[in-house]
Amino acid sequence: MDIRKSFLDFFQSKGHRLVPSSPLVPDDPTLMFTNAGMVQFKNIFTGEAPIPNPPRATSSQTCLRAGGKHNDLDNVGYTARHHTLFEMLGNFSFADYFKEEAIAYAWEFITSEKYLNLPEEKLWVTVHDSDDEAYDIWKKYISEDRIMRFGDKDNFWQMGDTGPCGPCSEIFYDQGEEHFHSEEDVMGGEGDRFLEIWNLVFMQYERDTKGTLNPLPKPSIDTGMGLERVVAIKEGVLNNYHSSLFMPFLDKIGELVGTPYDFNAPDSASYRVIADHLRSVSFLLAQGVNFDKEGRGYVLRRIMRRAIRHGYLLGLREPFMYQLVDTLVDLMGKQYDYLVSRSEAIKTAMKMEEERFFETIESGIKLFNEELKNTTDVFDGEVAFKLYDTFGFPLDLTEDMLREKNIRLDINAFNAKMEAQKAQSKANWKGTGDAATTGDFKALKEQFGENEFVGYESTTADAKILALLDEDFKQVESLDGKGWVMLDKTPFYAESGGQVGDRGELAGRSTSIPTIKVLDTKKFLDMNLSEVEGKLSVGDEVEAVVDQSRTEIEKHHSATHLLHAALRTVLGDHIAQAGSLNDDKRLRFDFSHPKAMTAEEIEKVEAWVNDKISRAIPRKTEIMSIEEAKKSGAVALFGEKYGNEVRVVSMGDASVELCGGTHVDNTAQIGLFMIMKESGVSAGVRRIEAICGRAAVEKVKALREELLQIKEEVKNQNPIAGIAKLKEQIKILKGEVASAMSASQKELSAVEVNGVNVIIEEVENGDIKSMIDEVKNKYENVAVMLFQKKGDKVLLAAGSKHTPVKAGEWIKAVAPIVGGGGGGRPDFAQAGGKDPSKIAVALEEAKTYLSDLLEGGN
């Protein structure tokens, strides 16, 4: 039985719109990852977005919990039901049906022979202790002795400290008294006998800043059912990891380790950790998150390195995680086709990270175990920092290793070390959302709907001002300064897909309305709004004119499409876009690739793009269904929101992509294409910066002028020959200077004291460190200290080779005489002083110190 499909089919039959799983990286500044099915509907529940039609939806949402409030990482692999990545089946009502229907739907799906067909005698439910309404509804379906009441901790849900909230009702499945015998294996306990499978949230209140619960005029429903738990129940296993969703991973890990998975073995948790983490790492990589030192990339690295360490515990000493990706694709690729298209990129990124960590993991574990010998209750925070900073052990990994030993970490010492060295702490997520989403956009959307974008056909339009917003995004009747305008139809492209928003003008169609500047254009709730500065009123009729910079923006956008295709042609199909920017002066393109491009590869990519430009390929735009677009081979960007119908932009066979942006009509209009720079962004992500069109012409002119200046400097010789000649002259001069310095450098001679060659002298010229190195190379055993006056300062350095003299201690004893201080290693040390008049005294002290030491006086 395909439970996922069965669930979605059931709710579609009840009038719910099927909504695809949204990205794990949410469009929400308050969240690091999508952690529940309702995340993509949050703006609807909070009232910031209008209610869709139909007002009910269903989805199977991939969720990730590995940090913050919802952090299951520590439990993963050690319990039967915790995962970092899981699928949440859900049905949602937006001010439509409420408790009666939500409970009826849940009961029908769970008990009907056509669907889950779970035995009714195995089912229990809980309700909030104040929710008599839900209690009375449940009595129609289940015996009262299996309806439990609990308080806020268990049965009250809220989105945050304020906002929509309400009681919830949870459905539990009794896995059997014969399998569970602890005191916690009762309803409401922490044991596994009674397994929560579905949570029905009744959003009926809004909590204000004072904590008061105010009834919502139109309550809603948000539910979540764990797919992994239900599959395990239907397959008759007591552990999610023993279901068909995970056993193929455990079997494959057993093959790699050489020992089959055994639930009763002491190391079985390591198999389960790897199986779980493989899923979360793969999905994050497939969706464009890359290994990094902060933010989401750091969480990804934490999860990956935790899995590698568990592989190490199983005896694996070479990269292994990437070898499990094909198994994942076989299991989940049909439902999530981007896993298939991105599988090679996932493997490449994984293998690189594994190789990087395997280089240091053995040394790190050795250091950890050495420190453990000296630890009773508290592990040294400075050692934990060294594990982090030198060996790449995320703090969580060290804490995980200590937890297994029941030892706590001195976190204050760790944090102090981090502060002192100004290092990156573990992912301190600040979010990146647009604060403007708190504006009056919902009211605009409900009043006017989406305004018409006519910018594909024309860069001008006669338009009427439907609404105005001030700088705080609040509706106003008129503006005199900066604000935002909503036109009934607009030629201005709103920033999206890497293309910057249009600028331009609004020219009044009457003399009373002056021409004002359009500074930018952005999209809010699918409405195109333009930022303006000037004097305007609602109802004004204007001519909207897009700035001529649009032409150059289009050239760079079309060039980006060709660049993407060129990279896939030259480097391979693993290339996937990781970000882009197209404006009128440049383009920037980030893409997945494990290493820096060679000069030859860059040249090939540039030549490929220019070849397609020279062929004058017409641009074609088609509107088709998303299924047709995928069949046509169109490249889609993960995370972009595509409707049922999509816009496909193609330039012959060279490039076919889903894109909502504006483009040239013919590739020849792009003009010259020049790659200016290739660089790294983060592990596994490269960046190309390039120019075309007018920007490329200006660059060529500037290069020509620079070349003429160079020719003038080398007296109109061939520039390369002229520069080579100058370099040769510099080389000769450097040699002459070195010879002169060597000739003037004082010959240093040693005096033997108790078998040690001793040199203590003041020198006028030369590099005293180099001089000491030369002396140490000359003599088998030597102690040397040199002084040098530099204006009103003193430099001194000491060296020791095969003697009892410790240079660092020697120089600490002498440096204060010349008003300075310093130190160093036993074999070399240096210092500085402020009083050159005391050099003679310091020389004598240096000799006395050495004499006492070598002759046994000290």
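How many residues lie between E23 and E24 in their hairpin? Four residues separate these two strands.

Some ground rules. This is a predicted model, with pLDDT of at least 70 needed for local features and 80 or more for side-chain atom pairs, while totals for chains, interfaces and linings use all residues. Residues are numbered from 1 along each chain as its sequence is written, and side-chain values use heavy atoms, with hydrogens and water left out. Helices (H or I, at least four residues) and strands (E, at least two) are DSSP runs, numbered from the N terminus.

Strand E23 covers residues 577-582, and strand E24 covers residues 587-592. They pair in the antiparallel sense over five bridges; pairing requires that DSSP finds at least two bridges between the strands.

Next, the open sheet. Three strands run in the order E25-E26-E27, with antiparallel pairing. E25 (619-625) and E27 (655-658) are the edge strands, each pairing on one side only. From one strand to the next, the twist averages 25 degrees. Axes here are lines fitted to C-alpha atoms, for helices over the stretch in contact, and angles run from 0 to 180 degrees between N-to-C directions. E25 and E26 (residues 645-651) share seven bridges in the antiparallel sense. Within that pairing, Lys 620 stands opposite Ser 650 in E26. Helix H17 packs on this sheet, touching E26 and E27, and its direction makes about 115 degrees with that of E27.

H17 has a helical partner too. H17 (residues 549-571) packs with H20 (residues 693-713) at an angle of about 90 degrees, their axes 7 Å apart. That makes H17 roughly perpendicular to H20, a label for angles of 65 to 115 degrees. H17 brings Glu 552, Lys 555 and His 556 to the contact, and H20 brings Gly 693, Arg 694 and Ala 695. Contact means heavy atoms within 4.5 Å. By class, three of these residues are charged, two polar and one nonpolar. Asp, Glu, Lys and Arg count as charged; Ala, Val, Leu, Ile, Met, Phe, Trp, Tyr, Cys and Pro as nonpolar; the others, Gly among them, as polar.

Now helix H6, residues 227-234. Seven of its eight residues are buried, meaning under 20% relative accessible area with a 1.4 Å probe, protein chains only. Leu 227, Arg 229 and Ile 233 are among them. What do the buried residues of H6 pack against? Helices H1 (3-13) and H8 (268-286), plus strands E5 (85-93), E9 (163-174), E10 (194-207) and E11 (213-226). Gly 236 follows H6, with a positive phi near 75 degrees.

Another glycine: Gly 77, in the loop between E4 (70-71) and E5. Is Gly 77 buried or exposed? Gly 77 counts as buried, because its relative accessibility is 0%. Not counting residues up to four places away in sequence, Gly 77 touches His 82, Tyr 241, Ala 269, Arg 272 and Val 273.

Last, the cores. A nonpolar core is a set of buried Ala, Val, Leu, Ile, Met, Phe, Trp, Tyr and Cys residues joined through side-chain atoms within 4.5 Å. The largest has 71 residues. Phe 283, Met 321, Leu 339, Met 350, Phe 379 and Phe 393 have the most contacts inside that core. Apart from it lies another core, of 40 residues, including Leu 8, Phe 98, Trp 107 and Tyr 173.

Key: Buried < 20%, exposed > 50% of the residue type's maximum accessible area, 1.4 Å probe, protein only. Parallel < 35°, antiparallel > 145°, perpendicular 65-115°, else oblique.
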